[in-house]
Amino acid sequence: TYATDLTGYDRLNVGVNHTLSGTLSTIAGGGTNTAEAGYAAVGGGLQNTNVSTYGVIAGGSENYVNGEGSFVGGGVQNRINGESYYNTIGGGVMNTVSGLNSTIAGGSQNTIEGEDSFVGGGAFNFISAQIIGGTISGGNGNVVDNSMATVPGGQQAAAKNFGQMAYASGAFSAAGDAQTSVHVFRGSTTDSSLTELGLSGNTGN
């Protein structure tokens, strides 16, 4: 069925027990879904909530989107929080993104709080806030806690330095206490004097 909002624009509402109030918003099927932001869409599924302008939830159950221009493909209880923009969760269960321009492809209970960051899958992986360009390809219980750092997989690795790549297959008591790492130091000089290298190209970093 079609409904008309207060501004006179049509909205599409298909299925049962939906809440549809955003300008030019759409719920294409399923049950008990919500689309409350302008130009928001829910493709189907059950009890999904989209309060993101230009946001999309394709399907699944109990997914939530509140970041502008963000997307959840499916799964269960995945969440893109407010004050975040242009994020993606492909699927999985109980994954959370609170950053900017970041993606969790799938898995379970993975979390991204930083910007321009990526988790490919796995479970209980975490990229912390106020960093840029963190990557965890997969695995379990891995942590990225500095910008441009990477964990390629494995279990309980912790990349805490700028640009660090860390790998572990487990830990003694805390993530990162039994791992191998790669650090790249760089710097530049215009003469033959000795120059201190840094992880970010700056002296001392």
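Which residue in S7 is the bridge partner of Thr34? Select Thr34 and look across to S7: the partner is Thr49. Strands here are DSSP runs of E, at least two residues long, numbered from the N terminus.

The model is predicted, so local features need pLDDT of at least 70 and side-chain atom pairs count only at pLDDT 80 or more, while totals for chains, interfaces and linings use all residues. Residues are numbered from 1 along each chain as its sequence is written, and side-chain values use heavy atoms, with hydrogens and water left out.

Next, select residues 34-35, which form strand S5. S5 and S7 pair in the parallel sense over two bridges; pairing requires that DSSP finds at least two bridges between two strands.

Now show the whole sheet. It is open, has ten strands with parallel pairing, and runs in the order S3-S5-S7-S9-S11-S13-S15-S17-S19-S21. Strand S3 (19-20) and strand S21 (158-159) are at the edges; each has a single partner strand, so one side of each lacks a neighbour in the sheet.

Move to Ile80, in strand S11 (residues 79-80). Ile80 counts as buried because its relative accessibility is 0%; buried means under 20% relative accessible area, with a 1.4 Å probe and protein chains only. Beyond its neighbours within four places in sequence, Ile80 is in contact with residues including Tyr64, Phe71, Ile89 and Val97, where contact means heavy atoms within 4.5 Å.

Finally, select Tyr54, in the loop between strand S7 (49-50) and strand S8 (56-57).

Methods:
Helix = DSSP H or I, 4+ residues; strand = E, 2+ residues; numbered from the N terminus. Buried < 20%, exposed > 50% of the residue type's maximum accessible area, 1.4 Å probe, protein only.
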